[in-house]
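Me: I'd like a close look at how the inside of this chain is packed. Could you walk me through it?

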Amino acid sequence: MPQIPQSYQELTVGQLSARSGAAVSALHFYESKGLISSTRTSGNQRRYSRDALRRVAFVRAAQRVGIPLATVREALAELPEERTPNREDWARLSRVWRSELDERIQQLARLRDHLTDCIGCGCLSLETCVLSNPDDVFGDRLTGSRLMPERKAADRS
């Protein structure tokens, strides 16, 4: 990882990218979503304060565990202006996000457990199919893969 001299109080987008490991396009995207901010030079080039490194690390860590960027933005917005997330912030937020992640893990486990049953059945319209039709209202009355009730015999002639 390239070292940036401590005397540099502002970083170019290339320096921020090299140091954080995030692509330049990702940094521009984070900025467009309000996750990081920059100032502009007289030549209209972006400059990021050194604390952007911690913000990018915070965003990327949250992304790795599946936290949506909108949720990350809300968390960052709760911090006082210009303050970067610290260890206590991460601990507090991770407690909140843990229950959300536990719920997703349970949902994925349910999907995994029903996957072979659904594919093995062949009809893709089981009474309790969590894959193709989780709210199958016709499953109680009809069998097979139907989206509409059968027409009467007289209608078919």
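To get my bearings, how many helices and strands does the secondary structure of the chain come to? After that, please take me to the largest nonpolar core.

Reply: Happy to. Keep in mind that this is a predicted model. The chain has 6 helices and 3 strands, and from the N terminus on they follow the order β-α-α-β-β-α-α-α-α. Of its 157 residues, 25% are buried.

Now to the core itself. The largest nonpolar core holds 23 residues, and the members touching the most others are L16, L27, V72 and W97. At least two core residues come from each of α1 (13-20), α2 (24-32), α3 (52-64), α4 (69-77) and α5 (87-121). The largest share belongs to α3, with 6 residues.

Leaving aside residues up to four places away in sequence, L16 touches L11, G21, L27, I36, Y48, A52, L53 and V56.

From there, turn to the packing of α3 against α4. Their axes lie 10 Å apart, at an angle of about 140°. Angles over 145 degrees would count as roughly antiparallel, so this pair is described as oblique. The crossing of α3 past α4 is right-handed. On the α3 side, R55, F58, V59, A62 and Q63 make the contact, and they meet L69, V72 and L76 of α4. Sorted by class, this contact comprises 6 nonpolar, 1 polar and 1 charged residues.

Definitions and conventions. Residues numbered from 1 in each chain as written. Predicted model: local features only at pLDDT ≥ 70, side-chain atom pairs only at ≥ 80, totals over all residues. Heavy atoms only, no water. Core = buried A, V, L, I, M, F, W, Y, C linked by side-chain atoms within 4.5 Å. Buried < 20%, exposed > 50% of the residue type's maximum accessible area, 1.4 Å probe, protein only. Helix = DSSP H or I, 4+ residues; strand = E, 2+ residues; numbered from the N terminus. Contact = heavy atoms within 4.5 Å. Axes fitted to C-alpha atoms, helices over the stretch in contact; angles between N-to-C directions. Parallel < 35°, antiparallel > 145°, perpendicular 65-115°, else oblique. Left-handed = near helix turned anticlockwise from the far one by under 90°. Nonpolar A, V, L, I, M, F, W, Y, C, P; charged D, E, K, R; others polar.
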